[in-house]
Amino acid sequence: MKSLFKKVVSIFTVFAILFTLTACGSSSTAGISGKFTGEGTGIHGAVVVEVELKDDKIESVTILSHNETPNISDAAISDIPKAIVENQSVNVDVVSGATVTSNAIIVGATKALESAKVDIEKYNKAVAKTN
């Protein structure tokens with residue numbers, strides 16, 4: 001009877017150790033998630049940008065505030081965030097005629113990503129240039 005008990009305890013111990021090692025060996029593939037803000041400088045002051053990450057993927061880029069000139073800056077405010085999300089990169093083309101505003105958005109998004117403590121090089125990959 002003692003021998004059977006020892007075998008059962010030994011088998012139980014082996015399974016417990018294997019379970020523990022398996023649990024310790026598993027790693028999470030989830031990346032950084034959350035909303036992060038950064039600021040760039042436009043023609044008329046601060047351009048505040050929010051970048052939303054989900055598992056290290058850029059989900060959205062939103063301009064929270066700015067004092068840029070209406071009509072002139074509209075294309076940059078609309079197009080640059082979309083380009084950053086589509087390309088998963090801050091290395092995007094600026095909008096002609098709104099270069100300063102475009103750069104302010106790019107700098108703000110870059111600073112937001114830096115505040116998220118991600119590897120910024122991952123989001124600085126070259127994007128195919130458009131004509």
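What covers the buried residues of α2? In this predicted model, local features require pLDDT of at least 70 and side-chain atom pairs pLDDT 80 or more, whereas totals for chains, interfaces and linings use all residues. Residues are numbered from 1 along each chain as its sequence is written, and side-chain values use heavy atoms, with hydrogens and water left out.

Three antiparallel strands form an open sheet in the order β1-β2-β3; strands (E, at least two residues) and helices (H or I, at least four) are DSSP runs numbered from the N terminus, and pairing requires at least two DSSP bridges between two strands. Because β1 (34-42) and β3 (57-65) each have a single partner strand, one side of each edge strand lacks a neighbour in the sheet. The twist averages 25 degrees from one strand to the next. Nine bridges join β1 to β2 (residues 45-54) in the antiparallel sense, and Gly38 lies opposite Val49 in β2. Helix α3 (residues 99-115) packs on the sheet, touching β1, β2 and β3, and its direction makes about 145 degrees with that of β1. Contact denotes heavy atoms within 4.5 Å; axes are lines fitted to C-alpha atoms, for helices over the stretch in contact, with angles from 0 to 180 degrees between N-to-C directions.

Buried residues (under 20% relative accessible area, 1.4 Å probe, protein chains only) in α2 are Ala76, Ile80, Pro81, Ala83 and Ile84. They lie on the same side of α2 because they cover an arc of only 160 degrees around the axis, taken from the directions from the helix axis to the C-beta atoms. The cover over these buried residues includes β3 and α3.

Definitions and conventions:
Buried means under 20% relative accessible area, exposed over 50%, partly exposed in between (1.4 Å probe, protein chains only).
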